[in-house]
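The entries are kept in the order of the look-ups.

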Amino acid sequence: MSNNFFFKILHKDKKTKARVGKLTTAHGDINTPTFTPVGTQATVKTLSPFELKEIGAQLVFGNTYHLHLRPGEEVIDKLGGLAKFMSWNSPTITDSGGFQVFSLGQKTITLEDGEEVGLVGITGKGVQFRSHLDGSKHMFTPEKSIEIQHKLGADLILAFDQCPAYPSNEEDVRKAVERTHDWLLRCISYHKSNNKKGQAFLGIVQGGVYANLRKQSAEFVSRQDVDAIAIGGVAVGESKDLMRKALLDTMPYLPEEKFKHLLGIGEVDDIFDITSQGIDSFDCVIPTRFGRYGIVFASPPEGNRKNKFRLDLNKTFYKTDAGPVTKGCDCKVCVNYSRAYLHHLFKANEILAYRLASYHNVYFLTHLVKQIREAILEDKFEDLKSSWINSR
RNA sequence: GCUGGGUUCGCAUAGCGGCAAUUGCUUGUGGCUGUAGACCACACGGUCGAAAGGCCUUCGGGGGUUCGAGUCCCUCACCCAGCA
């Protein structure tokens, strides 16, 4: 569907499904697997594009729902599209708003007259959102989501899907899958006749934790004319084991040669698992969110499975710790600052705290995935994986 | 010296006869995976209990009134303000 979009697998791991590839977009090439930092509102929270470049980020993930509400896709279109607007000038991908059907689905808002209403209502036609900003009504349909994404102008755009929460019974998930498939066809139809910028389109697989639905959805999406495939409906409340199983129930039914993005996964142990299953890209808010909460990722032996590869710099334990922010990391933050200093910044609620910790966390994941790419190329992926996962 | 105000769980506050006692901060613990998140939840005198809940000790010191006192009265100490 897109002339600007190519994906080539360069090397496959012998023992797992992990692979190294190159994705070509109008805004540049991307080495895969890659970690995709989330920049919901056309900014990766606290980090400038210059820093993202320095870190080695390759793709930034924006959000249709948020950008539609503010500043509006017309503004971003006029300012040259998402990448230019945020001065990133490199590859971007936009989420469709489908995730907000889930994340805002349980929430309510109190209107000025005191009435409490749900933020989301799903109909056959589409989804009605109440803006979390001002309570105003916004109708999202598959066509509308794609229309907005066309104006936002990201290199990769996503189908509008319904992402059911966990736990949901099989019948509800089946309905969500059917709706997602129906919407997918509408997205494709609209996209094909309006894709003036040559944006690449990704269908989304749903199915929750149900193997039959995962298979059915994977096969359905695979049959459609899509540039690449995203896997959604995970990390919505289920356990890690169920998340991994859902992926195992999905990946075998997807065409090997296509670029695959996993939506919303990105804890350290998960990264080894999903890349070993053949995921080429994944986005996650965790490094920037944790960055604002004072939690930094750490590599073995300091970071291990037991502490989930995380240190909480808020702890008084670090008050006088002169050591680097994390041991063994060569990012600017770890090289230049002590834990005691970051601890102080967090205690004092200084903005720099959030920036430095976010910088480190995004760097950390970006470089972890870089190590994974190198290991795959050298046929040492399993060794790298076990050195991390078996750490204690 | 006089007059008025004040002394409450680390800090700051509420409390005006039924109180182990408000709220904010701090502290501690837990949570966060396509971002309504620089966030959220819980705990924070001691002790027993799985829990419901029980028991003990607390609101500057001492004394008093009262069935019952951070709460009212007397007195002492210290702090603040105004007048001398």
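**Basis.** I worked from a predicted model, in which local features need pLDDT of at least 70, side-chain atom pairs count only at pLDDT 80 or more, and totals for chains, interfaces and linings use all residues. Residues are numbered from 1 along each chain as its sequence is written, while chains are lettered from A and ligands numbered from 1 in the order in which they are written. Helices (H or I, at least four residues) and strands (E, at least two) are DSSP runs, numbered from the N terminus.

**Helices α6 and α7.** I looked up α6 (residues 142-152) against α7 (residues 170-194): their axes come within 8 Å and cross at roughly 40 degrees. Axes are lines fitted to C-alpha atoms, for helices over the stretch in contact, and angles run from 0 to 180 degrees between N-to-C directions. This makes α6 oblique to α7; angles under 35 degrees count as roughly parallel, over 145 as roughly antiparallel, 65 to 115 as roughly perpendicular and the rest as oblique. I then listed the contacts (C-beta atoms, placed from the backbone, within 7 Å). On the α6 side they involve Pro 142, Glu 143, Ile 146 and His 150; on the α7 side they include Trp 183, Arg 186 and Tyr 190.

**Helices α11 and α14.** The axes of α11 (residues 286-293) and α14 (residues 351-377) come within 7 Å and cross at roughly 150 degrees. That makes α11 roughly antiparallel to α14. Among the α11 residues that meet α14 are Pro 287 and Phe 290, and among their counterparts in α14 are Tyr 354, Val 362 and Leu 365.

**Sheet β9-β10-β11.** I found three strands in an open sheet, in that order, with antiparallel pairing; strands pair if DSSP finds at least two bridges between them. β9 (120-122) and β11 (137-140) are the edge strands with a single partner each, so one side of each has no neighbour in the sheet. The twist averages 20 degrees from one strand to the next. Strand β10 (residues 127-130) is joined to β11 by four bridges, and Arg 130 lies opposite Lys 137 in β11.

**Helix α10.** I noted that seven of the nine residues of α10 (residues 268-276) are buried, meaning that 20 or more other C-beta atoms lie within 10 Å of a residue's own, all placed from the backbone. Val 268, Asp 270 and Phe 272 are among them. Their cover includes α9 (240-248), β16 (281-284) and α14. Just after α10, Gly 278 has a positive phi of about 100 degrees.

Conventions: Two residues are in contact if their C-beta atoms, placed from the backbone, lie within 7 Å. A residue is buried if 20 or more other C-beta atoms lie within 10 Å of its own, exposed if 12 or fewer, and partly exposed in between; C-beta atoms are placed from the backbone.
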